[in-house]
Amino acid sequence: MADIKPTRSEFIDTKRKIKLSQNGYKILKMKRDGLIMEFFKILEQARDTRGALMTNYQRAQEMMAIANTIEGSIGVKAAAFSVRENPEITLKSKNIMGVVVPEIESSQVRKGIADRGYGVIGTTPVIDDTAKAFEELVEAIIKSAEIETTMKRLLNEIESTKRRVNALEFKVIPNLISTRDFIKMRLDEMEREELFRLKKIKARTQA
């Protein structure tokens, strides 16, 4: 602590820094705890969306296999290529405790039979069921992408906040307290030395 100046102003400034750091620590700790709560809420949603994604994927694969058997691969491809409109994705954002996360909106994913382009003549209902299965899969993918990205960003912010909390708790605040105590000790020593010096001067003048 050789570079620390044991002055009154430094002592006051160090006490002020301790108070600011302690307040910052409390705020960051509250933020960390809040983010963790939000993360676990999203985690529950993620479990549901992952389950829905796998269910829809398996259903779509099963329907594709059935369609290929009944319609043949050429018939299935012809129906797929006849689709006139592709899904539109709109990417927005929302704020969760200071963390910007995506909000994905989609349109034209689910279509009516008349909107799919292949017509009802010359195809069997299995094509409709297969198209519906894949539309549901696309919706599940979009929802899962939003949830998974939100989870990742929240987790990154939690880790960042935890590092700052730990730095304040285990390094910054203890170092400031140690500095404050050192300055206080040196000021007390200097005060005693000055008092002793004044007593010696007084004793000489009275001799």
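## Annotation and model

UniProt positions here follow the numbering used in this text, feature names are shortened, and annotations may be inferred rather than shown by experiment. The model is predicted, with local features needing pLDDT of at least 70 and side-chain atom pairs pLDDT 80 or more, while totals for chains, interfaces and linings use all residues. Numbering starts from 1 along each chain as its sequence is written, and side-chain values use heavy atoms, leaving out hydrogens and water.

An unreviewed UniProt entry puts a "coiled-coil region" at residues 144-171. In the model that stretch is 100% helix and 0% strand, with its end C-alpha atoms 40 Å apart. Helices (H or I, at least four residues) and strands (E, at least two) are DSSP runs, numbered from the N terminus.

## How H1 and H2 meet

The H1 and H2 axes, lines fitted to C-alpha atoms over the stretch in contact, come within 3 Å and cross at roughly 165° (angles run from 0 to 180 degrees between N-to-C directions). So H1 is roughly antiparallel to H2 (the cut-off is over 145 degrees).

## The nonpolar cores

A nonpolar core joins buried Ala, Val, Leu, Ile, Met, Phe, Trp, Tyr and Cys residues through side-chain atoms within 4.5 Å, buried being under 20% relative accessible area with a 1.4 Å probe, protein chains only. The largest one has 12 residues, including Leu35, Phe39, Val99 and Met151. H1 (8-81), strand S2 (99-107) and H2 (125-206) each give two or more residues to this core, and H1 has the largest share, five.

Look at Phe39: leaving out residues up to four places away in sequence, it touches Met151, Leu154, Leu155 and Ile158 (contact is heavy atoms within 4.5 Å).

How values were computed. Buried < 20%, exposed > 50% of the residue type's maximum accessible area, 1.4 Å probe, protein only. Parallel < 35°, antiparallel > 145°, perpendicular 65-115°, else oblique.
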